[in-house]
Amino acid sequence: MSDTASNMRGSKFLRFRCTHCGNCCTDTIVPVTHHDLKRLSKGTGLKAERFCAFYKADDFDDGGEGLGWVELAEGRRVLGLKKQDKADACFFFKDERCSVYEHRPITCRVYPFQLDFNRQGQVTRMSINDAVECPYELDSSQKLAEILKNWNADDRQDDAYFRKVEAWNRRHKGGTAEEFLRFLGV
Ligand code: SF4
Ligand code: SF4
């Protein structure tokens with residue numbers, strides 16, 4: 001569990017306001033875990049197959065470093081949200097907004113905040129993710145406790161997912177994407 005250092009750098013970003021440009025819902029691949037898929041399925045009534053996809057290293061600007069690589073019959077893949085047909089936008093980006101805001105993946109809840117920690121687990125720096133252009137304003141008010149809560153939940157859910165991926169790669173390597181989703185219990 002992480003805490004807050006009193007001398008945190010980048011505290012100006014606690015005034016962050018999203019201008020809803022949509023860049024982070026159109027120019028990125030959103031990696032997901034079984035927690036996200038279950039929440040989205042429950043919230044939308046859709047089967048996970050409808051809104052998830054398996055991505056190759058070439059699909060990521062950085063090759064997908066640090067992501068959970070699943071060994072499937074078709075090759076190594078990363079589980080993420082599907083893109084819309086003939087568009088780069090996330091499957092759930094409708095009418096210039098997130099259509100599943102209440103159920104959105106934990107990654108989307110954390111974005112665009114980045115936190116650095118010291119050895120004691122205290123936040124020493126806050127910054128804005130530069131994966132896509134983010135034309136934010138600094139005239140609002142964010143709660144660091146809420147950002148930390150999402151950050152810690154993201155860590156826990158990623159850890160649980162990575163353990164599942166490791167178990168799959170050990171025991172079921174070479175299975176199909178459908179079999180992997182069943183293995184995740186979605
Ligand atoms: S789930 Fe919602 S917030 Fe996340 S990328 Fe898709 S449209 Fe954007
Ligand atoms: S890129 Fe930044 S300003 Fe644009 S929608 Fe995402 S968080 Fe908001």
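How many nonpolar, polar and charged residues does the shell around ligand 2 have?

Reply: Residues are numbered from 1 along each chain as its sequence is written, while chains are lettered from A and ligands numbered from 1 in the order in which they are written. The model is predicted, so local features need pLDDT of at least 70 and side-chain atom pairs count only at pLDDT 80 or more, with totals for chains, interfaces and linings using all residues; side-chain values use heavy atoms, leaving out hydrogens and water.

The shell around ligand 2 has five nonpolar, four polar and one charged residues. In this scheme Ala, Val, Leu, Ile, Met, Phe, Trp, Tyr, Cys and Pro count as nonpolar, Asp, Glu, Lys and Arg as charged, and the others, Gly among them, as polar. The shell is made of C18, T19, H20, C21, G22, N23, C24, E133, C134 and P135. A residue is listed there if one of its heavy atoms lies within 4 Å of the ligand.

H20, one of these shell residues, sits in the loop between β1 (3-9) and α1 (23-26). Helices (H or I, at least four residues) and strands (E, at least two) are DSSP runs, numbered from the N terminus. H20 counts as exposed because its relative accessible area is 63%; exposed means over 50%, buried under 20%, and partly exposed in between, with a 1.4 Å probe and protein chains only. The phi of H20 is near 55°, a positive value in a residue other than glycine. Most residues other than glycine have a negative phi, and most peptide bonds are trans.

D95 also has a positive phi, about 50°, although it is not a glycine. D95 lies in the loop between β5 (93-94) and β6 (97-98) and is exposed, at 73% relative accessibility.

Ligand 1 has another shell: C25, V30, L81, C90, F92, F93, C98, P105 and C108. By class, this shell has nine nonpolar, no polar and no charged residues.

D36 is found in helix α2 and is buried because its relative accessible area is 1%. F92 is among the residues that L46 touches, along with S41, F51 and F91, not counting residues up to four places away in sequence. L46 lies in the loop between α2 (34-44) and α3 (48-51) and, at 27% relative accessibility, is partly exposed.

Methods. Contact means heavy atoms within 4.5 Å.
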